[in-house]
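Hi,

Here is the structure I promised to pass on to you. Have a look at it, and below I'll walk you through what turned up.

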Amino acid sequence: MGAVETKEKIIATTSDLIRERNGDTENVTIRMIANRAGIGVGLTNHYFKSKELLLNECVNSVMKGLFEERQDTQTEGRVTPIEAAKREAHRVMRFFMDNEPFARAALSGKITSDNGENYLVRLTNHFAYCMADKKQLDDMLNNDRISEKMKQQFTEHFIGEQRRKAFMITNSLREAFLIRDMLPQIIGIDIGDEEQCEEYIDEMIEMLM
């Protein structure tokens with residue numbers, strides 16, 4: 001088996017173990033991966049210097065789709081920040097539910113996303129951007145009379161205005177997803193039911209914003 005095939009087997013085996021343990025990466029060890037893949041621990045460590053790097057690669061290969069599939073909420077005309085937040089929150093939660101083991105691993109706080117950020121930080125920035133006024137932001141960024149430094153400062157201002165609300169939305173989605181089995185007992189909502197999930201998200205965002 002060549003180097004490429006060996007590396008791919010390590011990644012596939014690790015991904016299988018993440019699925020089997022529903023995202024509990026604490027109980028996935030290098031020895032377990034090596035044994036399942038039928039290779040030595042030393043060879044596994046040769047391709048991935050640490051378990052963390054290997055887990056990051058496996059989780060990020062799935063979670064990158066969360067950001068690649070982002071829809072521009074302005075394509076159908078101007079929408080309010082609340083409407084933009086609702087649309088994106090529905091999409092994010094659906095992604096979590098469709099990719100549950102990897103989303104659980106990512107939201108544990110121990111996995112670094114492919115841009116180097118903690119997933120809670122990245123999702124907060126993601127929601128802040130979604131809720132910013134895109135027309136104002138685009139008009140400013142396309143203005144040749146404004147320096148790059150000023151554009152960067154304006155961008156941070158537009159997104160920063162929404163960051164606290166974005167964090168509250170992100171954390172509410174994260175907590176609801178991670179304790180989904182307990183939610184029916186706590187608030188009488190099953191987020192596995194699409195209608196109840198959408199109702200919860202809409203109500204949560206209206207309360208926070």
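Once neighbours within four places in sequence are set aside, Glu26 is in contact with Lys51 and Lys110. With Lys110 there is also a polar contact between the side chains, at 2.9 Å. Please keep in mind that this is a predicted model. To find Glu26, go to the loop that runs between helix 1 (3-20) and helix 2 (30-37).

Is Gln162 buried or exposed? Its relative accessibility is 13%, which is under the 20% cut-off, so Gln162 counts as buried. Leaving out residues up to four places away in sequence, Gln162 touches Ala128, Met131 and Ala132.

Then the cysteines. How many disulfides does the model have? The count is 0. Cys197, for one, takes part in no disulfide: the nearest cysteine sulfur belongs to Cys130 and is 17 Å away, whereas a disulfide needs the two sulfur atoms within 2.5 Å. Cys197 is also buried, because its relative accessible area of 8% is under 20%. Cys58 is buried as well, with a relative accessibility of 0%.

Best wishes

Methods: Residues numbered from 1 in each chain as written. Predicted model: local features only at pLDDT ≥ 70, side-chain atom pairs only at ≥ 80, totals over all residues. Heavy atoms only, no water. Helix = DSSP H or I, 4+ residues; strand = E, 2+ residues; numbered from the N terminus. Contact = heavy atoms within 4.5 Å. Polar contact = N/O pair within 3.5 Å; in protein donor to acceptor, adjacent residues only side chain to side chain. Buried < 20%, exposed > 50% of the residue type's maximum accessible area, 1.4 Å probe, protein only.
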